[in-house]
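User: Could you take a close look at one spot in this model for me? I'd like the local picture and then some context.

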Amino acid sequence: MIAIQVEDLTVAYGEQPVLWDIDWKVPTGVLSAIVGPNGAGKSTLIKTIVGLVRPVAGSARILNQPLRDARRKIAYVPQRNSVDWDFPTTVFDVVLMGTYGELGWFRRPGRRQRQAAWETLRQVGMEEFASRQIRELSGGQQQRTFLARALVQQAPVLLMDEPFQGVDAVTEQAVVQILRRLRDEGRTVVVVHHDLATVAEYFDEVLLLNVRRIAAGPCADVLTPENLRQAYGRVPVLWANAGPGKEEGVTREAGG
Amino acid sequence: MSDPTFLLVAAGSAILGLVSGALGCFAILRKQSLLGDVVSHAALPGVMLVFLLFRTKAPFPLLLGGAATGWLCTMTVLRIVRSTRIPPDTALCGTMAVFFGVGIWLQTYIQHHVRDASQAGLDRFLFGQAATLLDRDVLWMAILGGVALGTMLLLWKEFKLLSFDPEFAASLGWPVRRLDVILMSALVLAIVIGLQSVGVVLMSAMVVAPGAAARQWTDRLGRMVALAGTFGAVAGVAGTWLSEQIQRTPTGPAIVLCATAIAVGSILVAPRRGLLWRFPAIWRRRHRSQLNSETTAIPGGSPQPR
Ligand SMILES: Nc1ncnc2c1ncn2[C@@H]1O[C@H](COP(=O)(O)OP(=O)(O)OP(=O)(O)O)[C@@H](O)[C@H]1O
Ligand SMILES: [Mg+2]
């Protein structure tokens, strides 16, 4: 079963194409990363899949359905800096917003939704912060709040934009544990990730992106020095040192 | 104080303060405070046009005309922002200037060419004159205000989500643009009901000031909206009373001054956020660090705990 199927996808803001002819498949029950340099179109790809950006050409399907029939099946975690954290609301309230989709028009969250929100808060270890104003949280706690809001949707497919941004090592491990558990439950998790060093450790598959698709598949096959050079314009230092001697030459060449 | 006209006028002002204060919170939180300015200024040509075409003084058609052009102007701004590269503030100012200019032009034309224009009291729409409110005016204010507040209560969760995280709302499948238009329309109603007593020039202050004051006192959206409504209503009544006390003052400026006083007061004295409480804390901290540095300067001078 295919969780996410992207075909011939081209996206542009104005004239400039940001994603060019992307083909990509993510099977169900997989933890997948999207990796690429700044401005590669990672956020744009996720936003297009969840329907926030309309593509110029091509399509994205969720679990073999077009997006409009699969709204309930996806949960989206935006980049943390996409909202105003000074908004007058609490952690619990933000998590409760994850249930607004199932509630539909006019209905207010009831006992069931509150219960679910509490349980999810416990899962991400944020119970004690439930009634905090969201400004009074650390970056990692804000990220966990966003994660909880997505978890409470109980969606089979999750798409997260940089959930590890500004998060300490302990929280990162905790989040990875949660993502693995979701995967083991058979759900599909797609994460925009920046740290090349941990991609292979955390994820089963990876999409290497820079406007075009560079490569996709199991981490070991994708993260080759040649592919990375294509995506980043040079081999990231960490990789060059680990790779065969001649790749260091490439690094120096590109740098100089 | 208890004469019936004052009670009527005060009731009208309370309604306008309540509704504009409550709905203004959403404009503030969405960083669209300028929208209040746009809607109120752009309502002027609508009011004038309806008078010119139908020669009526009835509140409902006049307010409806104001709402129509206010709404039209807002939608024009949204259109421009969405489909061009013109920045939002430029689009706001430019569009507003055109609408307001046409409004002033129409008003001048009416004053010079229409016989009973001065009796129609159209000039009250500029700076507000609550004393001219009649039963039917207040009735229509209550009805339109009720519609605006009712919409807000009915779509509370939707408006909250839209204001906090529109992208997440869209990812849940909410029709964000349609919600945007509905919220905007409710705000237009809230502004239009204040045109007679506050006027188009100052009405935007009634959208911003109560909400800004309320934000100082609470970190919950529900309480903020309730408090802003209360502040708005209090300012409405107090301002009306003030303008009755001082001869020949228009109510608009009086009401707006009261609302501003509440906002300034809140910014100064609100717990935790208030400036007055923050200054001593900062001073004390500086003082203490000075003391600390003095004690540590003495070798072995700081006492050991336990
Ligand atoms: N709303 C927008 N309007 C115009 N251009 C945009 C918009 N959003 C993004 N872009 C452009 O599209 C390109 C891709 O942006 P995107 O945010 O998808 O990159 P990204 O891979 O997520 O980068 P980062 O690692 O910095 O988050 C960038 O060049 C950016 O300037
Ligand atoms: Mg991004």
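Which residues does A:Gln133 touch, not counting residues up to four places away in sequence?

Analyst: A word on the ground rules: this is a predicted model, where local features need pLDDT of at least 70, side-chain atom pairs count only at pLDDT 80 or more, and totals for chains, interfaces and linings use all residues. Residues are numbered from 1 along each chain as its sequence is written, chains are lettered from A and ligands numbered from 1 in the order in which they are written, and side-chain values use heavy atoms, with hydrogens and water left out.

Now to your residue. Leaving out residues up to four places away in sequence, A:Gln133 touches A:Trp85, A:Asp86, A:Phe87, A:Pro88, A:Thr89 and A:Thr90, plus B:Arg215 and B:Asp219 from chain B; contact here means heavy atoms within 4.5 Å. A:Gln133 sits in the loop between α4 (111-123) and α5 (139-151) of chain A. Helices are DSSP runs of H or I with at least four residues, strands are runs of E with at least two, and both are numbered from the N terminus. Despite being in a loop, A:Gln133 is buried, at a relative accessible area of 3%. For that scale, buried means under 20% relative accessible area, exposed over 50% and partly exposed in between, using a 1.4 Å probe and protein chains only.

One of its polar atoms lies 2.6 Å from the backbone oxygen of A:Phe87, and the backbone nitrogen of A:Arg135 is 2.7 Å from a polar atom of the A:Gln133 side chain. A polar contact is a pair of N or O atoms within 3.5 Å; within protein, one must be able to donate a hydrogen and the other to accept it, and residues adjacent in sequence count only if both atoms are side-chain atoms. As for A:Gln115, it is 18 residues from A:Gln133 in sequence and 20 Å away in space, C-alpha to C-alpha.

How far to trust chain A? Its pLDDT (the predictor's confidence in each residue, from 0 to 100) averages 89, and 91% of the residues score at least 70. Over residues 240-256 of chain A, though, the pLDDT is below 50, and that stretch has twelve contacts in the model beyond near neighbours in sequence. Where pLDDT is low, the predicted coordinates should not be read in detail.

Elsewhere in chain A, have a look at A:Val211, in the loop between β9 (205-210) and β10 (212-218). A:Val211 has a positive phi of about 65° although it is not a glycine, and it is partly exposed at 25% relative accessible area.

Among contacts in chain B with a separation of 6 or more, 74% link residues 24 or more positions apart.

B:Lys31 lies in the loop between α1 (4-29) and α2 (34-54), counts as exposed at 61% relative accessibility, and has a positive phi near 60°.
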